[in-house]
Amino acid sequence: MPAKGKHRRPKHQKITRKLALAGTGGAALTLPLISATTAGAVETTTAPATRTIAAATPAATDTTYSVKAGDTLSGIASKHSVSGGWKTLYAANKSVIGNNPSIIRPGIKLKLGAQPEAVRASRSAARTTLAPAAAPAVAPTYPNNLDGWIRESLSVMAKHGIPGTYNGIHRNVMRESSGNPLAINNWDINAQNGIPSKGLLQVIDPTFQAYHVPGTSLNSYDPVANITAACNYAAARYGSIDNVNGAY
């Protein structure tokens, strides 16, 4: 090669006794005995409570539960994580339960609302095996031969915007050094001037140093460094190594 040109809620009182179950086959609800003036109190007569407990906001898709013998509203509410407990559950299902929340008949369908669904979805998600995290990118490896050197050099060139193709590089390598990374020209004018052409693409030291590409070796005999520097020089002088078809 010539020498020239080169990233509040309220507290409830403790339960002292249970309400009697009316009839047979019914499920008894254990409720605290609190004064009739307390919001949501259960009276010993069948008269309605002093005020209506607001129903929970209905879910987009209500989940239902079929009452079984022995069930209580408090037990159902607890088991299905009903927000607001048995009072919310009763308010949402008063039309099917009736005025006495202590009596729920087996077989009736209770709306549980959206909260249980959300809770189940959350629990289900927690049980779901998470997909393994993507493995970190691994730098490609190249064989230690001419094919590998050219491909690695092309990868470096692409990062630095240096043009050139595999065929263009291979063709020039075979002409200049026959693929020998240790080739050196000791007879031409460059050699006579003390700066012999070296490596796969026969680059003299001044040109190698001027067009050396960061990230490659500083040794001009290094195959990848030699190819990359030579292609960088050829791009500056000829537009691309592909345009080089003879001594350069």
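Q: Let's start with the strands: how many bridges join E2 to strand E4?
A: Four, and the two strands run antiparallel. Keep in mind that this is a predicted model. E2 covers residues 63–66, and E4 covers residues 109–113.

Q: Which residue in E4 is the bridge partner of Tyr65?
A: That's Leu110.

Q: And which residues of E2 sit on its covered face, and which on the uncovered one?
A: Thr63 and Tyr65 are on the covered face. Thr64 and Ser66 make up the uncovered one.

Q: OK, zooming out. What does the secondary structure of the chain come to?
A: Eight helices and four strands. Along the sequence the pattern reads β-β-α-α-β-β-α-α-α-α-α-α.

Q: How much of the chain is buried?
A: Buried residues account for 35% of the 248 residues. As for surface, the chain exposes about 14,800 Å², with carbon and sulfur atoms supplying 54% of that.

Q: Now the largest nonpolar core. Which residues touch the most other members?
A: Ile169, Leu201, Ile227 and Cys231, out of 25 residues in that core. H4, H5, helix H7 (205–211) and H8 each put in at least two residues.

Q: Which helix gives the largest share?
A: H8, with eight residues.

Q: What is Ile169 in contact with, leaving aside its neighbours within four places in sequence?
A: Ile150, Leu154, Met157, Leu201, Ile227, Cys231, Ile241 and Asp242.

Q: What about another core, apart from that one: how many residues does it have?
A: It has 14 residues, and Tyr65 is among them, along with Ile76, Tyr90 and Ile104. That's the Tyr65 from the covered face of E2.

Q: Switching to H4. Which of its residues are buried?
A: Leu146, Gly148, Trp149, Ile150, Ser153, Val156 and Met157.

Q: And what do the buried residues of H4 pack against?
A: Helix H5 (166–176) and helix H8 (223–238). Two of those buried H4 residues, Ile150 and Met157, also turn up among the contacts of Ile169.

Q: How far apart are the end C-alpha atoms of H4, and why does that agree with its number of residues?
A: They're 21 Å apart. H4 runs over residues 146–160, so at 1.5 Å a residue its 15 residues should span 21 Å, which agrees.

Key
Residues numbered from 1 in each chain as written. Predicted model: local features only at pLDDT ≥ 70, side-chain atom pairs only at ≥ 80, totals over all residues. Heavy atoms only, no water. Buried < 20%, exposed > 50% of the residue type's maximum accessible area, 1.4 Å probe, protein only. Pairing = 2+ DSSP bridges. Expected span 1.5 Å × (residues − 1). Contact = heavy atoms within 4.5 Å. Areas by Shrake-Rupley, 256 points an atom, 1.4 Å probe, with all protein chains shown as cover. Core = buried A, V, L, I, M, F, W, Y, C linked by side-chain atoms within 4.5 Å.
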